[in-house]
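Keep the model open as you read.

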Amino acid sequence: MKLIKQIALILFVAAMFAAFDIVVYNIFTKRYVNDTSPEMQAKSIELSKYLPFDENSGIVKIDSAAKLSGDLPVIDGAAALYPVFSGFVNAVYPSDSVLFDGENFAPDSALQFHNTRGAYAAIVDGTADIVICAAPSKEQLEYAEQNGVELELVPIGREAFVFIVNKNNPVDDLTVEQVKDIYSGNIKKWSEVGGENRYIDALQRNAGSGSQTAMLSFMDGVQMKRSLTGLFGSAIGFSFRYYVEGIVENSDVKMLSLNGVYPSPENIADESYPLVSSFYAVYRKDDTNPNIPVLINWILSDEGQRIVGESGYAPLK
């Protein structure tokens with residue numbers, strides 16, 4: 001009888017720990033776990049899905065007559081823009097210039113991927129010739145200055161900076177000021193903006209990422225605060241529209257309208273959506289590779305802008 005009671009007690013304690021773990025997972029861990037593929041978790045994008053010179057690739061394919069030869073510029077960039085610059089490479093680079101081992105690009109591949117932070121470091125360190133990214137952060141500009149590097153930024157397309165929530169959140173629209181008040185801690189509950197009586201968890205991204213840099217610019221010096229009570233509520237996050245809609249394709253989230261305008265391609269093109277910004281081809285001003293101006297001029301041509309537009313972004317033209 002005593003043994004049965006001891007076993008029952010052990011099972012009860014184990015059940016309590018299991019229940020506790022489930023509660024912790026659902027309240028805290030679940031919102032941060034990336035349940036996509038290991039490649040997506042490691043790199044923020046599945047490189048293998050958007051490779052150049054691959055018939056099954058998801059990139060926009062144009063067979064341009066403007067082929068590059070000789071000293072090929074090494075091109076790198078942001079996760080959200082990887083399908084775009086992979087499309088550029090597919091159009092004008094020779095096929096043997098890209099070397100991919102199934103997980104990573106070889107060191108001598110003309111196409112590289114190190115995401116925004118790594119790409120800006122690569123351009124300063126001289127291991128990349130052109131990077132396709134959003135505007136650099138203050139820290140990235142300081143790193144360039146410390147190393148005596150002057151960057152040239154050429155706008156090549158436009159994209160919307162968007163805010164995302166769970167698809168079941170009844171809030172569909174916020175004003176720009178409401179978003180700023182949420183992230184500064186002045187608005188703490190969704191009920192203050194027409195939603196449920198739940199706390200808001202205002203999520204941020206990694207320092208130096210393109211989206212975090214865009215968010216800091218959006219806040220314009222207003223300090224962002226994250227309340228611990230938000231961990232028990234419903235989250236809001238931010239990113240670039242195409243990364244949410246075209247790359248991640250998460251059916252559990254939705255993008256919000258801002259000031260009553262939804263971030264559709266049409267509203268980005270005419271800039272009626274309030275948060276539209278350029279992305280750039282960035283290179284060092286002292287880089288003498290003769291193919292850099294050739295490539296950038298082609299990116300700004302009808303063919304290059306077609307890749308930008310058909311990849312899901314707003315072309316300049």
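**Aromatic pairs and a helix contact**

Tyrosine 183 is buried, with a relative accessible area of 0%; buried here means under 20% relative accessible area, exposed over 50% and partly exposed in between, with a 1.4 Å probe and protein chains only. Before going on, note that this is a predicted model, where local features need pLDDT of at least 70 and side-chain atom pairs count only at pLDDT 80 or more, while totals for chains, interfaces and linings use all residues. Residues are numbered from 1 along each chain as its sequence is written, and side-chain values use heavy atoms, with hydrogens and water left out.

Now for the rings. The whole structure holds 14 aromatic pairs, counted when ring centres of Phe, Tyr or Trp (its six-membered ring) lie within 6.5 Å; planes under 30 degrees apart are stacked, over 60 edge-to-face and the rest tilted. In one of these pairs, phenylalanine 163 and tyrosine 183 have ring centres 6.3 Å apart and planes at 50°, so the pair is tilted. It links distant parts of the chain, with phenylalanine 163 in strand 3 (residues 151-166) and tyrosine 183 in helix 6 (residues 176-184), 20 residues apart; helices (H or I, at least four residues) and strands (E, at least two) are DSSP runs numbered from the N terminus. Phenylalanine 163 is buried too, at 1% relative accessible area.

Next, phenylalanine 279 and tyrosine 313 pair edge-to-face, at 5.2 Å centre to centre and 65° between the planes. Phenylalanine 279 sits in strand 9 (residues 276-284) and tyrosine 313 in the segment after helix 11 (302-310), so this pair ties together parts 34 residues apart in sequence. Phenylalanine 279 counts as buried at 3% relative accessibility, and tyrosine 313 does at 6%.

Over to helix 4. Helix 4 (residues 115-125) and helix 5 (residues 138-146) pack at about 15°, with their axes 10 Å apart. Axes are lines fitted to C-alpha atoms, for helices over the stretch in contact, and angles run from 0 to 180 degrees between N-to-C directions. Helix 4 and helix 5 are therefore roughly parallel, a label for angles under 35 degrees. Helix 4 contributes Thr116, Arg117, Tyr120, Ala121, Val124 and Asp125 to the contact, and helix 5 contributes Gln140, Tyr143 and Ala144; contact means heavy atoms within 4.5 Å.

Which residues of helix 4 are buried? They are Thr116, Ala119, Tyr120, Ala122, Ile123 and Val124. Their cover includes helix 5, strand 3 and strand 9.

Note on methods
Angles under 35 degrees count as roughly parallel, over 145 as roughly antiparallel, 65 to 115 as roughly perpendicular and the rest as oblique.
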